[in-house]
Each structure stands twice: as C-alpha cells, then as structure tokens.
Amino acid sequence: MNWRGLWTLFMKESRRFLSVAVQTLFAPVVTTLLYLLVFGQLLDEESVAFRGVDYAHFLVPGLAMMALMQNAFANSSSSLIQSKMHGNIVFLLLAPLSPLEIYLAFLGSAVLRGLLVGLMVFLVGWLGYGVSWQAPGWILLFAVLSGAVMGGLGIMAGILSEKYDHLAAFQNFIVVPLTFLSGVFYSIHQLPPVWQQASHFNPFFYMVDGFRYGFFQQSDVPLGVSLSVTFGFLALVSAINLWLLVKGVKIRH
Amino acid sequence: MSAPAVEFQGVAKRYGDLWALKGIDLAIPQGSFYGLLGHNGAGKSTLINAMAGLVTPTRGRIRVMGHDVQRNYRASRRALGVVPQELIDEPFFSVRELLELQSGYFGLHGRRQRAWLDELLERLSLTDKANVKTHQLSGGMKRRLLIALALVHHPEVLVLDEPTAGVDVALRRSLWTFARELHAGGMTIILTTHYLEEAESLCDRIAIIHRGELVVEADKAELLARSPWKHVEIIGRGEPSGALAGQVCERLADGWRFRLPREAGLGALLDQARACGIEIEDLRVIEPDLEQVFLSLTEEGA
C-alpha cells in the first residue's frame with residue numbers, strides 16, 4: 001500500500017472542502033436546521049413516531065443523518081466531477097496510487113465531511129431540544145457506515161458523470177428522493193402498508209433506522225437487519241466502484 | 001546495451017470503428033532526446049497517453065524502464081513524468097501546495113523533497129508565484145507548473161506533449177534550455193511537437209506516426225539522409241520553359257526553387273537554365289530538412 005499517497009489524497013480532499021467551509025459545512029447545517037424548525041414545531045403536537053418519544057426528538061437524529069448522507073455524497077461526487085472538468089484528475093491518474101487507495105481516500109474524506117455536518121446538526125438538536133442518546137457506539141457505527149455508503153455513491157456518480165448535468169440528475173432523481181423517503185421525517189409504521197413494504201426496498205431506510213436506534217433503542221426493523229443491509233450495500237457500492245476504477249471507466253480511456 | 005527507456009510491442013487502440021493506433025512496435029533508447037512526430041490525429045497523444053496509463057490499449061504491451069505499464073503500474077509511473085498538452089486548473093491550491101500534494105502521491109516528503117521543490121520553482125521561474133493559485137497564472141506559467149509537477153518525483157523519462165503550443169518565443173527558448181539541461185543530466189526525453197525545426201534541433205532520434213502507424217523510426221541524421229529530393233535555388237533573370245518549368249517547385253522574388261531527385265547532378269539543371277536564356281546570378285543548394293522528410297513520408301497516399 002502507498003500509505004503516504006493515500007494520506008496525501010485524503011488530506012487534499014479534506015482541505016478542499018474545509019477551505020470552503022461556509023458552503024460545504026455551515027450552509028447544509030443551516031438548511032437542515034430550518035427543516036427542524038419548521039417540521040419540529042408544526043408536527044410536534046400531531047405526531048408520535050416512537051413510544052415515549054416526541055416528534056422533535058425523533059426528528060433530530062433523522063435530520064442529522066440526512067445531512068450526513070447528503071454531504072458525504074456531495075463531497076466525493078463534486079470533487080471528482082470538478083477534477084474531470086478542470087482536467088486536474090490527470091495528476092491523480094499519473095501517480096502510483098492503486099484504485100483501492102484512490103477509493104479509500106475519497107471515501108474517508110466524504111465520511112469526514114458527513115460526520116462534521118451531522119455532528120453540528122446533532123449539537124444544535126442536543127442544545128436546543130435536549131436530545132439524548134442511549135447507545136453512542138451504534139450511533140457512531142451507523143454514521144460512519146452511512147457516510148461511507150453515500151461517499152461511495154458519490155464516487156460512483158462522479159466517475160460516471162460526464163458533466164454537471166449528469167451529476168445533478170443522479171442527485172435529484174436518486175439520492176434526494178431515497179433520502180426523503182428513508183424515514184428521516186417519520187417512522188414507517190405511520191405509513192400505509194404498501195408504502196411500508198416499499199420502504200424496505202430503500203437501503204437508506206436501514207441506515208436511518210439503525211442510526212436512530214442508537215438514540216432511542218427503538219427501531220422500525222431489528223438492528224441486525226439494518227446493520228446487515230447497510231454493510232451489504234456498502235460492500236456492493238465498494239465492489240462496483242473498485243471495478244470502475246480498475247477498468248478506468250470514464251476516467252482512463 | 002541497456003533496456004529501452006520505453007518499449008511498445010504491438011500497441012493498438014480502437015475507439016469504436018476507428019483504430020487510433022494500428023500495432024506500434026517501437027523502442028525508445030535510454031538517454032535519448034526522442035521526437036515523436038505526426039499530423040494532428042496521427043495517434044501521437046494516444047501513444048503517449050497509453051504510455052502514461054491514461055489510455056488502455058486494446059492490444060499490445062508497453063514497458064517504461066522495463067516496468068509493464070498495466071501490470072507494474074506503480075514502478076512505471078515512478079519512472080515517468082508527463083507534461084500534458086492541455087493546460088490545467090486546480091482552484092483550491094497554490095502552486096507550492098500542488099507540488100507538495102503531487103510529491104505526497106509519490107510518497108515523497110521531508111526536507112530534501114522541499115529543497116527539490118524549491119529548486120524546481122527556481123529553475124522554472126515560479127518562485128515568486130509559489131503561493132498563488134493556478135487561475136492567477138498566465139498560460140506560460142501554467143505550462144511551467146505542469147513541467148514542475150511532472151518532475152517532482154525525479155522521473156527517468158520525461159514526456160513533453162506539445163509543450164510549446166501557444167507559448168511565446170522567449171518562454172519557448174527557456175523551456176528548451178531547461179529540457180537540454182535535463183537531458184544532459186541523463187534523463188530520457190520524449191517530445192511531440194508541431195514545430196519540426198524544434199524537433200530537428202533538439203532530438204537525436206525521431207519516429208513519425210501517420211494514421212496510427214509507425215512510418216519511420218531512425219536517427220535524425222539517417223532520417224535526413226532519406227529525403228528523396230534536394231532543392232536548388234537559382235537567382236537570376238529570364239523565364240524557365242519546357243522540362244525546366246516542370247521542375248520549378250516555388251517561384252521566388254528574384255529566381256526559382258527547383259526540386260531535383262537527390263542523386264541528380266547540378267550540371268544538367270544549369271545547362272537547361274542556360275538553354276532557356278536564364279542569366280544565372282547566384283546558386284544555392286538547400287540541404288534536406290526534417291520538414292521535407294516529414295511531408296514526403298506523410299503525404300496523402302504515402
């Protein structure tokens with residue numbers, strides 16, 4: 001392994017988003033907190049998602065996870081498409097970095113950004129709504145795994161997109177709908193049976209549900225199922241990405 | 001004899017129905033200043049990109065300093081520095097940061113590496129731009145940055161893909177001085193250029209690619225000796241006629257340029273000129289240059 005090369009690329013990707021932190025960290029936090037303000041206040045009286053958990057408390061982990069997922073995706077996908085558009089990806093391709101090293105560096109940076117944004121959303125929820133946690137180990141595990149899944153999907157989208165338009169389509173027609181329909185705002189038990197069934201085909205649902213378990217030790221599906229599906233999806237996304245990088249699809253011609 | 005710096009074995013590349021490379025066999029000697037010439041679209045850049053691993057050949061093998069570009073890509077990339085043709089932007093980092101990042105990809109860091117980066121900045125006249133971002137650089141500065149980036153890991157082989165396209169005369173000269181210094185230090189340099197006089201003055205060995213095929217590969221002197229023609233300029237008054245008129249390849253302000261078979265003597269030409277009543281004031285024999293050889297080898301149907 002070229003550890004120094006991997007670390008350099010990870011640092012480069014991380015410094016890239018930190019250098020524009022207003023756009024990459026603070027803006028998503030503000031947007032997410034607006035959701036919390038609006039939905040948390042509007043629906044608090046009406047809705048009880050889990051036993052003994054009021055809606056605002058239920059919502060905070062979901063929003064933290066949504067912010068984490070969307071920003072992990074945005075980090076790797078936007079970096080790759082920009083590198084392709086500016087042409088500077090050539091220096092990465094000329095370097096003695098393996099597909100695995102490139103993948104891990106992009107993934108690590110995506111997870112870091114996702115965790116930072118998710119943590120900031122959670123901190124506001126903790127300070128503003130007194131949200132507490134029951135099992136921090138599960139919270140952290142699902143946060144990292146979900147960040148990795150979304151970072152991986154971002155890498156895939158960045159590799160396959162030939163222009164910003166393609167990436168926008170990937171984001172708006174796949175990532176955003178699957179995120180919004182993953183149980184961020186509700187428990188699937190509140191849905192009609194058909195939609196409950198449909199939700200089980202959404203891998204993002206298991207990430208959100210497992211993450212939320214860490215806060216309330218309650219979940220829509222057993223924790224083991226969420227963990228298995230999330231791990232499985234991460235393995236699938238990673239396998240596809242490594243294949244794309246080894247073959248050089250849309251990168252090496 | 002040492003192994004070639006770069007060796008191509010039956011390298012072919014197909015894009016859809018188009019064969020960009022049709023089976024190139026070529027060995028570039030270590031320590032050479034090697035010219036890779038061809039018209040636009042001839043396949044030069046595809047060949048270079050295949051060498052750098054940016055293009056995956058449909059068939060064939062490439063080795064850089066004995067390392068297979070596909071199977072042993074780490075070693076081959078450590079041996080190779082590539083200055084790409086296109087200028088590149090990196091909006092987030094300064095010139096020095098880019099050099100440090102590129103060094104890091106190659107596993108290089110520390111005081112010695114920083115000293116080498118300082119030296120590169122100095123030699124490429126970028127020291128005062130070390131802390132600015134690429135969008136603040138002129139085209140010439142970006143070109144020099146690309147060269148510095150290709151050299152951070154002390155490659156044994158340096159590829160310069162059209163490095164002087166769109167570059168002013170002063171910078172072009174300074175780039176060639178720098179390239180000559182690197183070559184004198186033992187580096188193998190592979191150059192593609194549209195400026196044939198550059199290739200003629202710098203390169204000791206030349207390959208010409210035409211429509212994806214290797215047309216010729218030889219020492220420069222040997223290549224120049226292959227020209228089938230020589231040119232003779234006659235300065236004088238009068239008007240060529242008959243067979244002599246058919247040999248005029250260019251009308252000059254004060255005379256004519258004739259193209260003769262290389263082995264033809266001048267006596268017959270002079271006799272014909274006198275027979276046409278031409279008063280000869282001066283006579284010049286033009287030695288074949290690379291451009292003539294290039295054109296004769298790559299003309300339509302060649």
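Predicted model: local features only at pLDDT ≥ 70, side-chain atom pairs only at ≥ 80, totals over all residues.
Residues are numbered from 1 along each chain as its sequence is written, while chains are lettered from A and ligands numbered from 1 in the order in which they are written. The scores come out at ipTM 0.88 and pTM 0.86.

**Chain B overall**

- Chain B has a mean pLDDT of 88, with 98% of its residues at 70 or more; pLDDT is the predictor's confidence in each residue, from 0 to 100.
- Chain B holds 11 helices and 14 strands, taken as DSSP runs numbered from the N terminus (helices are H or I, at least four residues; strands are E, at least two).
- The C-alpha trace of chain B spans about 80 × 45 × 40 Å along its principal axes.
- Of the 302 residues in chain B, 38% are buried. Buried here takes 20 or more other C-beta atoms within 10 Å of a residue's own, exposed takes 12 or fewer, and partly exposed is in between, with C-beta atoms placed from the backbone.
- Take the contacts in chain B between residues at least 6 apart in sequence: 69% of them join residues at least 24 apart. A contact needs two C-beta atoms, placed from the backbone, within 7 Å.

**Where A meets B**

- Chain A puts 21 residues into the contact and chain B puts in 23 residues.
- On the chain A side, α1 (3-18) and α4 (89-93) each supply at least two residues, and α1(A) gives the largest share, with six residues.
- By class, that side of chain A has eight nonpolar, nine polar and four charged residues. In this scheme Ala, Val, Leu, Ile, Met, Phe, Trp, Tyr, Cys and Pro are nonpolar, Asp, Glu, Lys and Arg are charged, and the others, Gly among them, are polar.

**Helix α3 of chain B**

- α3(B) is mostly covered, with eight of its 11 residues buried; among them are Leu101(B), Ser103(B), Gly104(B) and Tyr105(B).
- The cover over these buried residues includes α1 and α4 of chain A, along with α4 (111-123) and α5 of chain B.
- α3 (residues 95-105) and α5 (residues 139-151) of chain B pack at about 25 degrees, with their axes 9 Å apart. Axes are lines fitted to C-alpha atoms, for helices over the stretch in contact, and angles run from 0 to 180 degrees between N-to-C directions.
- That angle makes α3(B) roughly parallel to α5(B); the cut-offs are under 35 degrees for roughly parallel, over 145 for roughly antiparallel, 65 to 115 for roughly perpendicular, and oblique for the rest.
- The crossing of α3(B) past α5(B) is right-handed. That label applies if the near helix is turned clockwise from the far one by less than a right angle, and left-handed if anticlockwise.
- Val95(B), Leu98(B), Leu99(B) and Gln102(B) of α3(B) meet Leu145(B), Ala148(B) and Leu149(B) of α5(B), a set with six nonpolar residues, one polar and no charged.
- Just after α3(B), Gly107(B) has a positive phi of about 80 degrees.

**Helices α6 and α9 of chain A**

- The axes of α6 (residues 136-160) and α9 (residues 203-216) of chain A come within 7 Å and cross at roughly 160 degrees, which makes α6(A) roughly antiparallel to α9(A).
- This crossing of α6(A) and α9(A) is left-handed.
- Residues making the contact include Trp138(A), Ile139(A) and Phe142(A) of α6(A) and Met207(A), Phe211(A) and Tyr213(A) of α9(A). The contact residues divide into 10 nonpolar, three polar and no charged.
- Gln134(A), in the loop between α5 (99-129) and α6 of chain A, is exposed, with 12 other C-beta atoms within 10 Å.
- Leaving out residues up to four places away in sequence, Gln134(A) touches Gly214(A), Phe215(A), Phe216(A) and Gln217(A). Its C-alpha is 8.3 Å from that of Tyr213(A), 79 residues apart along the chain.

- Most residues other than glycine have a negative phi.
- Met65(B), in the loop between β4 (59-64) and β5 (67-68) of chain B, has a positive phi of about 50 degrees. Met65(B) is buried, with 20 other C-beta atoms within 10 Å.
- Lys250(A), in the segment after α10 (223-247) of chain A, has a positive phi near 60 degrees. Lys250(A) counts as partly exposed, with 15 C-beta neighbours inside 10 Å.
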